[in-house]
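Work through the exercises below with the sequence and the coordinates open. Each task is followed by a worked solution.

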Amino acid sequence: MTIVSLTIILSTVILNFFFVFLLSLIYHLTQIIYFYHLTEMKGIRLYMILQWVLFLPIILPLCVVFGALRGAFQMVERVMDQFWTDIWPENSTAS
């Protein structure tokens with residue numbers, strides 16, 4: 001497998017997860033709204049629910065991408081620190 005095919009597979013999996021999550025969110029929101037009208041609950045802010053539904057498709061992929069990049073950079077930093085520690089130990093007792 002090439003990098004391109006792995007990238008396509010990974011992006012497809014992420015998109016499928018996102019759409020399932022979005023459908024689940026819409027289902028639960030309709031249930032909340034339905035029960036809201038039945039019981040006339042005070043305290044559920046429908047405007048905030050609408051904001052989360054609108055902005056979550058933007059926020060979630062950005063968090064996934066930047067989290068992956070941050071993790072990759074931290075791992076490279078750790079590997080390079082170990083590399084330099086192994087090559088030039090500061091407190092070496094061996095002669």
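This is a predicted model: local features need pLDDT of at least 70, side-chain atom pairs count only at pLDDT 80 or more; totals for chains, interfaces and linings use all residues.

**Exercise 1. Overall content**

Determine how many helices and strands the protein chain has, and what share of its residues is buried.

Solution. Step 1: the secondary structure consists of two helices and zero strands. Step 2: the protein chain has 95 residues, and 5% of them count as buried. Step 3: the accessible surface comes to about 8600 Å², with 73% of that area belonging to carbon and sulfur atoms.

**Exercise 2. Span and kink of α2**

Compare the end-to-end reach of helix α2 with its expected span, then locate the kink in α2.

Solution. Step 1: α2 covers residues 46-87, which is 42 residues. Step 2: at 1.5 Å a residue, 62 Å is expected. Step 3: from first C-alpha to last, α2 reaches 59 Å, close to that value. Step 4: the kink, of about 50°, lies at phenylalanine 55, shortly before proline 57.

**Exercise 3. Aromatic pairs**

Classify the two aromatic pairs of the structure by geometry.

Solution. Step 1: the ring centres of phenylalanine 83 and tryptophan 84 are 5.0 Å apart and the planes meet at 70°, so this pair is edge-to-face. Step 2: tryptophan 84 also pairs with tryptophan 88, at 4.9 Å centre to centre and 10° between the planes, which is stacked. Step 4: phenylalanine 83 is partly exposed at 40% relative accessibility, and tryptophan 84 is partly exposed with a relative accessible area of 40%. Step 5: tryptophan 88, at 57%, is over the 50% cut-off and therefore counts as exposed.

Terms used: Residues are numbered from 1 along each chain as its sequence is written. Side-chain values use heavy atoms; hydrogens and water are left out. Helices (H or I, at least four residues) and strands (E, at least two) are DSSP runs, numbered from the N terminus. Buried means under 20% relative accessible area, exposed over 50%, partly exposed in between (1.4 Å probe, protein chains only). Accessible areas come from the Shrake-Rupley method with a 1.4 Å probe; for residues, only the protein chains shown count as cover. The expected span of a helix is 1.5 Å times one less than its number of residues. The bend at a residue is the angle between axes fitted to the seven residues ending there and the seven starting there. Rings of Phe, Tyr and Trp (its six-membered ring) pair if their centres lie within 6.5 Å; planes under 30 degrees apart count as stacked, over 60 as edge-to-face and the rest as tilted.
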